[in-house]
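Please take a moment with the sequence and the 3D structure, and keep both in view while reading.

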Amino acid sequence: MTDSVFSLELHDNAIGVVTIDVPGEKMNTLRASFVDELNAILQQALSERVKGLVFISGKKDNFIAGADIKMLDDAKTRDDALYLSKTCHSVFAEMAKMPFTTVAALHGATLGGGLEFALACDYRVCSDADITKLGLPEVQLGLLPGGGGTQRLPKLVGIQKALEWTLTGKQVRAKQALKAGLVDQCVPHSILLATAISQATKGKAKAAKPKLDKISQLLEGNPFGRNIIFKKAAENVTKKTGGHYPAPYAIIKAIRASVEMDTAGAYQVEADGFADLCMSSQSKALRGIFFATTEMKKEWQTPEKTPVTHVAVLGGGLMGAGIAHVSACKANARVRIKDVAAEGITKAMNYSYKILSKKQQRRILTQAQLQLQMNRITGGTDYVGFKHTQIAIEAVFEDLTLKQAMVADIEANTNEHTIFASNTSSLPIHQIAANASRPENVIGLHYFSPVEKMPLVEVIPHAGTSEAVIAKVVSFARKQGKTPIVVKDKAGFYVNRILAPYINEAANLLLAGEPIEKIDQALVEFGFPVGPLTLLDEVGIDIGSKIAPILEVELGERFKAPDAFSRLISAKRLGRKTGQGFYLYGKKDKKVDESIYELLGVQVSPKLNLEEIAERCVSQMLNEAARCLDEGIVASARDGDIGAIFGIGFPPFLGGPFSYIDKLGASHLASRLATFAEQNPAFTPAEALVTMAENKTCYR
């Protein structure tokens, strides 16, 4: 059994140590072969008459990082998925009833099926390392924990914490896990194994009640209180997801079963829920996103001789501050901020300090760690200290002349290898590089606001950008915690290009008399995190006004924004940042300011239902996405789906624009667009869609 995942070694005092090590892989993941091999190791331990068994990972940074997602995709029928869950239940139950003590020694990622494995042991001991994280993140793949997680977790940490962790997929740090009762000991990594071996000599664990405060004990200890907990959890799920995802409701049902049903019945509820979810369209879409992002990490990989350690950020506004933060605090680079005013530098540094202070207050960071990260960020109003800069990222106004001047300044004040990356949201990169001495070092790096939260970044090489620069920038973006997509150098790139017609259609509907809140509600109910008019308020109406003319000049009349919107800018109604846009913003809430209708010359007269409003706006986005792929703006439907989901919040449960086109059918979408085009030529279906409709083809 040289390829076996498990290997048993006997130690003193009749304690066996089982090392878990999936051959040839960086991460341990649960796979179908685990069941037979785990049963075999348990039987071997029985035959060796061990008094205790410790499970520890052979990997340096993970215990078991979850189930092999490909195994779930191989489950073609509900019965296949049901078998996976019930098999896990069976083997973990077998492990739990062994006559000897079992201990899981946890270091690094212990997630999903890995945590369920640990939960089936009598004790859990974890290292206090920063990389040690425990959690059940299955909900993020549209699933529930199918290996007993919904049954064992509430008994250890209580109903409310179990709901919180499983409904959000939260990953718990070591000390949090100890405080909550998820683990029995938390020790330095250097003594993890010794501590686990010592724990294994203590005999089988006795059932203990969760560590709950008095109010939680009262709520969780009686049927009336539990009913309140589960009802509130379901209400919160509906509020946050709009009811688009079945997994959270199935999780609530399974956890409820853990305290209200007999053991066999409760485990059956979990298995049935897992099987149903595994076959759901939502889970298939979310698993598709997981596979896509995993594939993308393998692209543009080249050995780095000189990793990026010195970064310059030009501009101390919100975007510049966010870029500086992720560069220093996630990519661990030294960052120098350049701004025309000292006040801008101070604000940018305070931006990072506020984020880090919140982490310190939540005990994610120590004071020393906060100070270490802040020490990486400096600033000035000149180019002192720029000679060693490897990447300079500009985040100044959308002005071509200004950006070209930035290129010249960086070339004059850095070195011949320095990369100039523009955070432009719409200007073609080849125009920014037009006067560059080293155009091969110029590239676009388009972030989304707020930078520290939005996962996407568009990497935009122009025709003369070197491949080495592209690879280096992609690698650096990943270190910043981003998912980069490489897109073609054309106005608007990909994300803003598909967003613009969507926003324009929402504006046209408003000018036609549809109420602001109704338009936003329609798109939220469709699945977007916020409506298009709220989004425009958040980005800034003035920012949108600067992008629209660039897109119109480069791409044509269909990108023309309504002229009436210039009145909002004249009236200083720029959105949330001025307290007034389509909405009025108070300290805690927002509401539509009815005066905006008079300002825009609109007579409110609703005609369309919510579904029709969403259909019109989304159709424009899908149509433009089809053009983008046809023109090579994105390299693949996969990249286009990821870009829309991570960049503008296209509903993940639909899989992205191209997956959704496949679901609708190109013929159906082209016909719908042609009907709308009778009143508005901007809806004219893309040639690529018409061709697909004729040939009955799809993207995936």
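S619 is buried, since its relative accessible area is 0%, where buried means under 20% relative accessible area, exposed means over 50%, and partly exposed lies in between (1.4 Å probe, protein chains only). The model is a predicted one, in which local features need pLDDT of at least 70 and side-chain atom pairs count only at pLDDT 80 or more, while totals for chains, interfaces and linings use all residues. Residues are numbered from 1 along each chain as its sequence is written, and side-chain values use heavy atoms, with hydrogens and water left out.

S619 belongs to helix α26, which covers residues 610-630; helices (H or I, at least four residues) and strands (E, at least two) are DSSP runs, numbered from the N terminus.

The backbone deserves a look next. Most residues other than glycine have a negative phi, and most peptide bonds are trans. Against this background, A14 has a positive phi of about 60° although it is not a glycine, and A14 sits in the loop between β1 (6-11) and β2 (15-20), where its relative accessibility of 28% makes it partly exposed. K572, also a residue other than glycine, has a positive phi near 60°; K572 is located in the loop between α24 (566-570) and β19 (583-585) and is exposed, with a relative accessible area of 60%. The peptide bond that runs from S449 to P450 is cis, with omega near -5°, and P450 is part of the loop between β16 (442-447) and β17 (456-461).

How many salt bridges does the structure hold? There are 27 salt bridges, a salt bridge being a side-chain nitrogen of Lys or Arg within 4 Å of a carboxyl oxygen of Asp or Glu. One of them joins D272 to R78, with the closest N and O atoms 3.3 Å apart. This pair links distant parts of the chain, because D272 is in helix α12 (residues 263-278) and R78 is in helix α3 (residues 78-96), 194 residues apart. Both partners are partly exposed, D272 with a relative accessible area of 24% and R78 at 31% relative accessibility.

Another salt bridge is formed by K490 and E631, whose closest N and O atoms are 3.3 Å apart. K490 lies in the loop between β18 (483-486) and α20 (495-511), and E631 in the loop between α26 and α27 (637-648), so the pair ties together parts that are 141 residues apart in sequence. K490 is partly exposed at 31% relative accessibility, and E631 is partly exposed with a relative accessible area of 28%.

R616 in helix α26 and E505 in helix α20 are 111 residues apart, and the pair links distant parts of the chain. Finally, salt bridges that share partners join K490, R497, R558, E624, R627 and E631 into one network.
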